[in-house]
Each structure stands twice: as structure tokens, then as C-alpha cells.
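Good morning, everyone. Please take a look at the sequence and the structure before I start. I will keep this brief.

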Amino acid sequence: MQIDWITFVAQIFNLFILVWILKRFLYQPILDVIEKRKNEINEKIDSATSLQRQAESEFQSLKSEKEDFEKSLQKQRNDLTKELTQQRKESLEVIKQEANQLKLQLHDQIKIQNENLKSELENFISHDFLKIAGKIITDLTDATPIERVLNLFYEKLVKLTKSEKTKIIKIIKNQKVIFVNSSETLSENHKRDMNRFLRDYFEIPPKTKIQYKTESTLVLGIEIRFADIAVDWTVKNYLNELEQGLEQILNHKK
């Protein structure tokens, strides 16, 4: 079999022409389209990546702003809480001070009222009541109030214990003057009887003087002092007991 070289060469030539035509009018445009499409896709990818990065940046920025806002809000809450706590503390302190001041004022008023009441009661007992009691004693007995007080005073002296009496006698030996105080001025007879009783009972030497003084603060009574020892019978002691009882009642009612 012989090869037709002319035909072969023609076919080869036709093949090259076909390849050139395909490359020129089909393959190259396809490659250009593919390249263009690739470039468009890359541009979209780059744009999407850029948008993603921008979105992430904005997200981080918003997140940071949110955190800063929350921190600021929390700080404001804390500051407000501290301020309200301080205001509450100051208000309570003011109320406490006002309450204490009101309590002190009320206490002072009650104290003044109690003092006035005790003073009125003491004045009543010291004057009106004792006058009435003195009249009753005078009407019921032959003795005046001061004479009855003297009798009670003598009884109290007689009831001194042996040790008390001995101590008084020792004190008297070193005294030049003995004072007898009474709520009323004693008559000369009363003084004479008192001198005789005291000198005999306490063995008072003649050189020791006995002087008498009137003390209205005793209300109704008589007392005798030996240095730091005092023996007395006076209504004032009963008034003091009454005053203490009154104070207990008033304090209980507060």
C-alpha cells in the first residue's frame, strides 16, 4: 500500500489550520472568559473578605463600646449606691441626733417637773402639813411638837450601842465645843434639861461648852454633832425617804 503524501500533507495542513482556528476563535475566548470569570470571583472574594474584616472590626469595636458602656454603667450604679448609702447614713445620723436631742429635752422637762413636784411637796409637808401635824400633836397631848421631838431625840440617844457611846465619849474629850442644832429656838428650860442629860450621859467635862444653833433646814427636828459623828431626829430624814420613794415612782413611770 502506497502513501499518498500529497493527501497526507494536505490533511496535516488542514489539521494545523483547524487547530489554529479552534485556538483563535474558540479556545482563546473560552480562556479569556474563564480568566475574566476567575478575576470577577477573586474580586468578589476579596470584597467579601474585606467586608468580613470590616464587619469583624466593627463587631470588635461595638463589643468594646458595649464593655465600656457596661463598665461605665456599673461604675455609675456603684457610685449611686455609695451616694445613697452615705445619704441614708447621714439622714439616720441626723434623725438619731434629733431623737437624742428630743429625748434630752424631754428628760430635762421631766426632771424639772419632778423637781418642781418634789419642791411643792416638800414645801407642803414643811409648812402646811407640819403645822397641821403640830396642831394635832398639841391637841392630843400636852406636849408641843418641839417637846415631842426632844423626847424622841432622847430616846434615840439612849438607844445608841455601847461601842457608839464609847466612841462619842472619846471624841468629846478632845472637843472644846459641842453644837446642838434644832429647827426651832429651844427655851432655856429645854437647854438646861439638854445640858444636864448630855453631860451626864456622855460624861462631858465642865470645860467643854455646849452651844445651840437654830437650823431651819432641819424642817422639824434636832441634831447633835461630835466631830464627824451626828445623832439626830428630824422630819427631814422622813422627807428624804419620801423623796426617794417619789423618785422611784416617777422613774418607774418614765
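**A quick tour**

The protein has five helices and four strands. Keep in mind that this is a predicted model. Along the sequence, the order reads α-α-α-β-α-β-β-β-α. The protein counts 254 residues, and 20% of them are buried.

Now the core. Which residues touch the most other members of the largest nonpolar core? They are Leu198, Phe202 and Ile224, in a core of 27 residues. H2 gives the largest share, six residues. As general background, nonpolar side chains tend to be buried together in soluble globular proteins.

Next, the surface. Here we find a patch of negative charge, formed by Glu65, Glu67, Asp68 and Glu70. Take Asp68 from that patch. Asp68 sits in helix H1, which spans residues 5–140. Is Asp68 buried or partly exposed? Its relative accessible area is 45%, so Asp68 is partly exposed. To count as exposed, a residue needs over 50%.

Last stop: Glu203. Where does Glu203 lie? Look at the loop between helix H4 (188–202) and strand S2 (209–214). The phi angle of Glu203 is near 55°, a positive value in a residue that is not glycine. Glu203 has 56% relative accessibility, so this residue counts as exposed.

That is the tour. Thank you.

Methods
Residues numbered from 1 in each chain as written. Predicted model: local features only at pLDDT ≥ 70, side-chain atom pairs only at ≥ 80, totals over all residues. Heavy atoms only, no water. Patch = residues over 30% accessible without salt bridge, like charges linked within 9 Å, V, L, I, M, F, W, Y side chains within 5 Å. Areas by Shrake-Rupley, 256 points an atom, 1.4 Å probe, with all protein chains shown as cover. Salt bridge = Lys/Arg side-chain N within 4 Å of Asp/Glu carboxyl O. Lys, Arg positive; Asp, Glu negative; His and termini not counted. Charge placed at Lys NZ, Arg CZ, Asp CG, Glu CD. Helix = DSSP H or I, 4+ residues; strand = E, 2+ residues; numbered from the N terminus. Buried < 20%, exposed > 50% of the residue type's maximum accessible area, 1.4 Å probe, protein only. Core = buried A, V, L, I, M, F, W, Y, C linked by side-chain atoms within 4.5 Å.
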